[in-house]
Amino acid sequence: MMYGYAGAILRVDLSNEAVRREPLPEFLVENFIGGRGFVAKLLYNEIPSGIEPFDPENILIVATGPLTGHFLPAGGKTHFGTKSAATGGYADSNMGGHFGPQLKYAGYDVLVITGKAEKPSYILINDDTVEVRPAAEYWGQGSITAEKNLKEHLGDEYQIITIGPAGENQVRYACISHDFGRQAGRTGVGAVMGSKNLKAIAVKGTGSISVANLKAAYAKGKEAFQKVKAKPGFEGWTPEGTAGITNWTNEVGVFPTRNFQTSYAEHYKNINGKAILDRLKITDKGCFGCSTPCGKYGHTQTSLGSAYVEGPEYETIALFGGNCVLKTIEEVAYANYLCDELGIDTISAGVVIGWAIECFQKGIFTQREIGREIDFSDLDSVVYLLNKIAKREGIGDLLAEGVKIAAEKTGNGSERFAIHVKGLEWSGYECRNAPSMMLAYMTADVGAHHNRAWVLGHDVAGAWTSVHDLIASGGGDEAQPKAVVSDRSAQYVIASQLTRSLFDALGNCRLQMMELGFEKEHYAELYSLITGMMKSWEELLKISERIWQLTRAFSVREINGFGRHLDFPPARLYEEPIADGPNQGHVIAKEDINKLLTWYYTARGWNENGIPTKETLVRVGLAEVAEDFEGRDLI
Amino acid sequence: MELRTIHENCSGCSTCRLACAIENFQEVNPSKSLLRIEARFPAPGDYRIHVCDQCGECADNCPEDAIQLQEGVFIVDQDTCTGCMICVEVCPHDVMFEQKLSDIPVKCVLCGECARTCPRDAIVLIEDQESEVA
């Protein structure tokens, strides 16, 4: 008897509409926990090496974790994994909402989608009934519109994920959308879904998940809710959610602005969490089991139109409000809505558009190439480009490739300010005076994303602290001292990568821990009571390390010529001092970037080129990967 | 006792529904929950909580008189109920439920677990005394 899990993998081959159920293997549960752990192992084992991301042989995995769907704070995560449309390497992207729990109640921990449907299709899962259905009537519709229409057709009790036109057109940063405002935003998982002609998945589950010790797990879950409620951040952090950090990131000068030319936006108080509360918000919108909902659902009105929208959350504020310099929360929210409907990741879109505007200002793009003038602080420019990108029309076809490929094709020095790592656009923290966070971006396994490690507290405050405490202590709005580059950055980054990624394996949101300081050991207790497998947090961290080494190994295997150079930030971030704001004049020199990498590689057990050594792979229980690497002359 | 709902506090997390299923059926299975959360998206963009307010419509319409008021709570007598499900059809809040593998409809027994576990006090259990004062 397997407790905590639904106990099954559902496989759907879209090429022949074949559906197969198989028991969830015990070795997967014991050695990879769930969520991104399942994604990592299944990708490594099942993807034919060397295929392109949009090859029908690429697979799209939907994975839950052992804590998904259970009674505890925020067990609502769903993970999507594939060969990355953004980097060609490892990809996973997760979202909150209610889809993962529903998948487990339907009886499946994991959904593995292979092949390509002949015509636009959607997958319907109603407990044991699994069908591939035609989706012609929904194809071309926006993500939100398609979800609404499918709900009307199937019934409210279905939980639904959709892609928008951007996913259909294989924009490399197309997202998967759910629950009218939640997204698996990063790495182009929506583009891979679109390449399979898969518009949506709808799931309804009426089964129950067995628990090893239900009485004790339920009592522990209640205790956990009470302890989260007692944290100061419950009252202090929740009202504004992630947007509440906007003041702080500007005060300490880490807010990406004007395509990362600077790290401070003068208008930040017009696009912060308070602006959302005062001017947009209708309701808090929570994911499954979440007592501190970061989702703020509201309505925005701009000169270009009005819309209902969830958000903006912090990242969207940073990349549209800072990087594209939209100056009101209403405009940021409208760009947010349009991205949601088109099915585009707001982070990547904000970076790509910021880059395009800078190219235009520098004369690298002409008005004729773009089709009109474009500028920062102009919602019209943003809306114009988003529509072009989603349809791959004109300049949009180039921009849809992501900033790395677009810059490589464009040349003329535009690579220097194409802000990405490995092909994934950089998210909402500027790091030229934050060496630990810089290293976190450089080494995140999916590319430049903050969710693998968030160590700005170390850089700015000198220690780990919950985000609520960090915000509450204030940023000061004064000139920041130049950060010291030291080997401690590698320790901070690795500790954070292992901790945060463990949540992604457990299928649980990390925000109660990160934002409020809820003690992570509670999750080990919950895991043990629910699954019956007694493991301490430290033991679970060891599995998290195995997963990290495996995701690195996947990218090493799949990206031709993988090496140290792929962990580098773009030249702007190590050559160009920050233009103004609290961190004016600061930059981390290239030699320090190299030092950071060397410290990190050494601590990870990788060689000087960033490849895991045989000893490391064997030490973490990946002897079969070491063997595979030897066969491919990778070690 | 009665359940009061404060819709504005609800963020749709469904903690109440899961707690209800665990408390009443010892199952991690919110589809067995005896209350509903209506998510009204994309517009108007809010939540509505639907709980049994013990209005008695089910009892009034039961042809077998199988639903009886006991200490302020309408209870389905499993021995008398014939499973006609008329009560499910007439319930004004759609909180009389048919369940898989069962011939007997189920309803809220006012255990209060939803209110005790709601992390945002969107459902509140009002004791009789408070209720009278209110």
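This is a predicted model: local features need pLDDT of at least 70, side-chain atom pairs count only at pLDDT 80 or more; totals for chains, interfaces and linings use all residues.
**How chain A is divided**

Let's start with chain A. Its domain assignment gives domain 1, covering 8-204, and domain 2, covering 232-517 + 571-575. The C-alpha centres of these two domains of chain A lie 25 Å apart. Where they touch, domain 1 contributes 52 residues and domain 2 contributes 45 residues. On the domain 1 side, the elements giving two or more residues are helix H2 (36-46), S5, helix H3 (99-105), H4 and helix H5 (165-168) of chain A. The largest share of that side, 4 residues, comes from S5(A). Sorted by type, the domain 1 side has 19 nonpolar, 28 polar and 5 charged residues.

**One sheet, with S5 at its edge**

Now for a sheet in chain A. Six strands make an open sheet in the order S2-S1-S6-S3-S4-S5 (chain A), and the pairing is mixed. Strand S2 (18-23) and S5 of chain A sit at the edges with a single partner strand each, so one side of each has no neighbour in the sheet. On average, neighbouring strands here are turned by 15° against each other, direction ignored.

In S5(A), both faces are covered. Tyr90(A), Asp92(A) and Asn94(A) are buried on one side, and Ala91(A), Ser93(A) and Met95(A) are buried on the other.

Which strand partners S5(A)? Strand S4 (residues 78-83) of chain A does, running antiparallel to S5(A). The two form a hairpin with 6 residues between them, and Gly88(A) in the turn has a positive phi of about 80°. S4(A) also pairs in the antiparallel sense with strand S3 (residues 60-63) of chain A.

**Another sheet in chain A**

Chain A has another open sheet of 6 strands, in the order S8-S7-S12-S9-S10-S11 (chain A), again with mixed pairing. Its edge strands are strand S8 (129-134) and strand S11 (182-184) of chain A, each pairing on one side only. The twist averages 20° from one strand to the next.

Inside this sheet, strand S9 (residues 159-162) and strand S12 (residues 198-204) of chain A pair in the antiparallel sense. Helix H4 (residues 143-154) of chain A lies across S9, strand S10 (176-178) and S12 of chain A, and it runs at about 145° to S9(A).

**Strand pairs side by side**

| Strand pair | Bridges | Residues facing each other |
|---|---|---|
| S3(A) and S4(A) | 3 bridges | Ala63(A) and His79(A) |
| S4(A) and S5(A) | 6 bridges | Thr78(A) and Met95(A) |
| S9(A) and S12(A) | 4 bridges | Ile161(A) and Ile201(A) |
| S2(B) and S3(B) | 5 bridges | Arg36(B) and His50(B) |

What holds pairs like these together? Strands of a sheet pair through backbone hydrogen bonds, either parallel or antiparallel.

**Over to chain B**

Chain B has 5 helices and 6 strands, and along the sequence they follow the pattern β-α-β-β-α-β-β-α-α-β-α. Its radius of gyration is 15 Å, close to the 14 Å that the globule rule gives for 134 residues, so chain B is as compact as a globular protein of that length. The C-alpha trace spans about 40 × 35 × 30 Å along its principal axes. Buried residues make up 38% of the 134 residues in chain B. Of the contacts in chain B with a separation of 6 or more, 54% come from residues 24 or more positions apart.

Take a look at strand S3 (residues 46-50) of chain B, where the side chains alternate.

**Where the chains touch**

Finally, the contact between chains takes 33 residues from chain A and 23 residues from chain B. On the chain A side, H4, helix H7 (214-230), strand S13 (281-285) and strand S14 (295-302) each supply at least two residues. H7(A) gives the largest share, 5 residues. The chain A side divides into 16 nonpolar, 12 polar and 5 charged residues.

Note on methods. Residues are numbered from 1 along each chain as its sequence is written. Chains are lettered from A and ligands numbered from 1 in the order in which they are written. Two strands pair if DSSP finds at least two bridges between them. Axes are lines fitted to C-alpha atoms, for helices over the stretch in contact, and angles run from 0 to 180 degrees between N-to-C directions. Two residues are in contact if their C-beta atoms, placed from the backbone, lie within 7 Å. The radius of gyration is taken over C-alpha atoms; the globule rule is 2.2 Å times the number of residues to the power 0.38. A residue is buried if 20 or more other C-beta atoms lie within 10 Å of its own, exposed if 12 or fewer, and partly exposed in between; C-beta atoms are placed from the backbone. Ala, Val, Leu, Ile, Met, Phe, Trp, Tyr, Cys and Pro count as nonpolar, Asp, Glu, Lys and Arg as charged, and the others, Gly among them, as polar. Domain bounds come from an automatic or database domain assignment.
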